[in-house]
Amino acid sequence: MSQKLLRILDTRGLSAEDDCSQILAGFDIVAAKDLTEACCALSSEEFDCVLVSGQQPYISAVDALELVHGIDPGLPVIFWNPEMPGTEAVRLIRAGAYNCLGYRDSLETLRDWLENAVEESRGRKRAAERAASNEPWRSLLVGESRAMEAVVETIRLIGERRCTVLIGGETGTGKEMAARALHMAGPRASQPLVAINCSALPENLLEAELFGHVKGAFTGAIQTRVGRFEQAHKGSLFLDEIGDMPLELQAKLLRVLQDREIQRLGSSETIKVDVRVIAATNVNLLERVRQGKFREDLYYRLSVVPLEMPPLRKRESDIVLLVDHFVKKICKLEGIPVKKVTPEAMERLRCGAWPGNVRQLENAVEMAVAMTGKREVLFASDFGLAPANNVKMMPSATPGASSSPMPELGDFEAAVSQFERTMLERALQKTAGNKTAAADLLGLKRTTLIMKLRNYGDSMALCAAR
């Protein structure tokens, strides 16, 4: 599938340095000599990215950006103008431009940014298409990384079945979303999905919640009550934090899973239930089994099909889609226009450490939306991110290697540049010059790493080639 690019040209002509014919090879380019032609093209065709070359006559760059986004708000727009002042580039970024490139940037850098923009644009389009497809449950699982596609494929395979599923994963990885998607993917979608947190209630109350009770079964049981298993009849029951269930209650749950029948507390009557059980845990249940805290037979009864939700650090490529999804979701709930995230902020979010996984990322987006008031653009500082240079220093590639001397206090840009260069050098040394492995080690995209190496010139290129 070709990468479709709309290029808006400066009719007065650019310098010879802007001969992009080789750099843009492989793109399906539609050229427009002015914004009128560009608007007509945008109204009749779909594009992955817009490249504005040079300074447009009779209109400011910010107005040009607003015209493009007025037709397609999500379309990334890149400005390429060697004569653009820095102040104007800052204004464009704040107004929602994907990036602005000038005299300091090479044509290879331009191509890298175009490819990144196309990748993100297509990711958003694919996410929207899935939401409108015959798999409505797919919209619950935001992401296109290999790790998430494995989860999606497993749900497709087992959605129609009644088998018990055990969902594992760290806190905040979206285990409940996976359970909801699994429920919606099968014939029980029109029936209730009943959820209960096994760690939120003491043992006696948890048993009553699960199986129900009759009047007088215990002190305070003033009337008969239906339990969660009965509420989920013909539907699904989601048992969250199953690893915290008391041992005595585990034995009763095992009996229910084997016989598909329950008894309310205080009653000898047996009630048949047709329930699909989906359990979730953020602990290693096999380790709990070894510790004598979880029944081995119950573990194997629950883990008919194991489903592991990947942590965010293993699906870095999904962060852009997740941020976009959360911004739209939160702005819709608040009843306000959808805000835009600057490319710099998105890059910082993508490279950030998220020990709380998707839940932490969503909370950061919600804070940013709440704290920016009526401002329409979200910057890196709005998300509560640590400063860009506040990163744990990687260990030296060789024992005893000395660190480079720090610049004088006050030379901030030189300090940041030297720190970044040192990290790049050490990552390349550690991976024997393998750029892909170095990018993974640093938590960067390969294209981002390559752009940074080019910025540091020949010495870094030699380091990468060793």
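These questions and answers walk through a predicted model of a protein.

Student: How many helices and strands does the secondary structure come to?
Tutor: The protein has 466 residues, and buried residues make up 46% of them. Residues 24 or more positions apart account for 71% of the contacts with a separation of 6 or more. The secondary structure comes to 18 helices and 14 strands.

Student: Which strands stand at the edges of the open sheet of 5 strands?
Tutor: The strand order is β2-β1-β3-β4-β5, with parallel pairing. Neighbouring strands are turned by 20° against each other on average, direction ignored. An edge strand here has a single partner, so one side of it lacks a neighbour in the sheet. That describes β2 (27-32) and β5 (99-101).

Student: Which residue in β5 stands opposite Phe79?
Tutor: Strand β4 covers residues 77-80 and runs parallel to β5. The two are joined by 3 bridges. Opposite Phe79 stands Cys100.

Student: At what angle does helix α2 run to β4?
Tutor: Helix α2 spans residues 61-71. It lies across β1 (3-8), β3 (49-53) and β4. Its angle to β4 is about 155°.

Student: What is the bridge partner of Ala195 in β8?
Tutor: β7 pairs with strand β8 (residues 236-240) in the parallel sense. The pairing extends over 5 bridges. Within β8, the partner of Ala195 is Phe238.

Student: Is α7 roughly parallel or roughly antiparallel to α9?
Tutor: Helix α7 (residues 203-211) packs against helix α9 (residues 247-259) with the axes 10 Å apart. The angle is about 15°. Angles under 35 degrees count as roughly parallel. Therefore α7 is to α9 roughly parallel.

Student: How do the residues of the contact of α7 with α9 divide?
Tutor: The crossing is right-handed. From α7 come Glu203, Leu206, Glu207, Leu210 and Phe211. From α9 come Glu248, Leu249, Lys252, Leu253 and Val256. The division is 6 nonpolar, no polar and 4 charged.

Student: Which residues does Glu160 touch, not counting those up to four places away in sequence?
Tutor: Glu160 sits in the loop between α5 (146-158) and β6 (165-168). Leu182 is 22 residues from Glu160 in sequence and 8.9 Å away in space, C-alpha to C-alpha. The residues touched by Glu160 are Ala185, Gly186 and Pro187.

Methods: Residues are numbered from 1 along each chain as its sequence is written. This is a predicted model: local features need pLDDT of at least 70, side-chain atom pairs count only at pLDDT 80 or more; totals for chains, interfaces and linings use all residues. Side-chain values use heavy atoms; hydrogens and water are left out. Axes are lines fitted to C-alpha atoms, for helices over the stretch in contact, and angles run from 0 to 180 degrees between N-to-C directions. Helices (H or I, at least four residues) and strands (E, at least two) are DSSP runs, numbered from the N terminus. Angles under 35 degrees count as roughly parallel, over 145 as roughly antiparallel, 65 to 115 as roughly perpendicular and the rest as oblique. A crossing is left-handed if the near helix is turned anticlockwise from the far one by less than a right angle, and right-handed if clockwise. Contact means heavy atoms within 4.5 Å. Ala, Val, Leu, Ile, Met, Phe, Trp, Tyr, Cys and Pro count as nonpolar, Asp, Glu, Lys and Arg as charged, and the others, Gly among them, as polar. Two strands pair if DSSP finds at least two bridges between them. Buried means under 20% relative accessible area, exposed over 50%, partly exposed in between (1.4 Å probe, protein chains only).
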